[in-house]
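Biologist: I would like to take a close look at one part of this model, and I would be glad of a careful explanation.

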Amino acid sequence: AVVSTQSGHYGRGGTVITAVRDMPASGCYFAAYETTKRHFLKTNDELSFWHILVAGGFAGWANWAWGLAPDVIKTRYQTAPEGKYNGARSVVPDLLRTEGVKGFFKGFAPIALRAWPANACCMMGYELALKAMNWVAPLPSY
């Protein structure tokens, strides 16, 4: 396989650790988005432009609150010299020993600053696309 030829063993590319990062982080993302939307709908009949932006921003933060530590592990593993680590799990004790718990959250400030507007706009695009699709081809009511 291409992966084993390039890296010497399967998984060096980080497929498993990417899944460990992305699956729960996506759950946090959509849970935060839906929870925030429902909070706004308790006092409003419809979501405003600002409500959607705020919900999207919180969703981005929730995603990276979960996903940053696995992302740091994945990046350390992928960028380390060949043979330094025996799998992504072996990054954890090394990182704890050399940098402590803070090492798992390197880059949190710029990621948080970027996550808010990026995900706010993403969810605004999602909601606008959903409205457009429902206008073009409305779903039947049951």
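Biologist: How many aromatic pairs does the structure hold?

Modeller: This is a predicted model, in which local features need pLDDT of at least 70 and side-chain atom pairs count only at pLDDT 80 or more, while totals for chains, interfaces and linings use all residues. Residues are numbered from 1 along each chain as its sequence is written, and side-chain values use heavy atoms, leaving out hydrogens and water.

The structure holds 5 aromatic pairs, where rings of Phe, Tyr and Trp (its six-membered ring) pair if their centres lie within 6.5 Å, and planes under 30 degrees apart count as stacked, over 60 as edge-to-face and the rest as tilted. In one of them, Phe-58 and Trp-61 have ring centres 6.0 Å apart and planes at 80°, so this pair is edge-to-face. Both residues lie in helix 3, 3 residues apart, which is about one turn of the helix; helices here are DSSP runs (H or I, at least four residues), numbered from the N terminus. Phe-58, at 37% relative accessibility, counts as partly exposed, a term for values between buried (under 20% relative accessible area) and exposed (over 50%), computed with a 1.4 Å probe on protein chains only. Trp-61 is also partly exposed, at 38%.

The rings of Trp-61 and Trp-116 have centres 4.6 Å apart and planes at 55°, so that pair is tilted. This pair links distant parts of the chain, since Trp-61 sits in helix 3 and Trp-116 in helix 5, 55 residues apart. Trp-116 is partly exposed, with a relative accessible area of 25%. Through these ring pairs, Phe-58, Trp-61 and Trp-116 are linked into a cluster.

Note on methods. Helix = DSSP H or I, 4+ residues; strand = E, 2+ residues; numbered from the N terminus.
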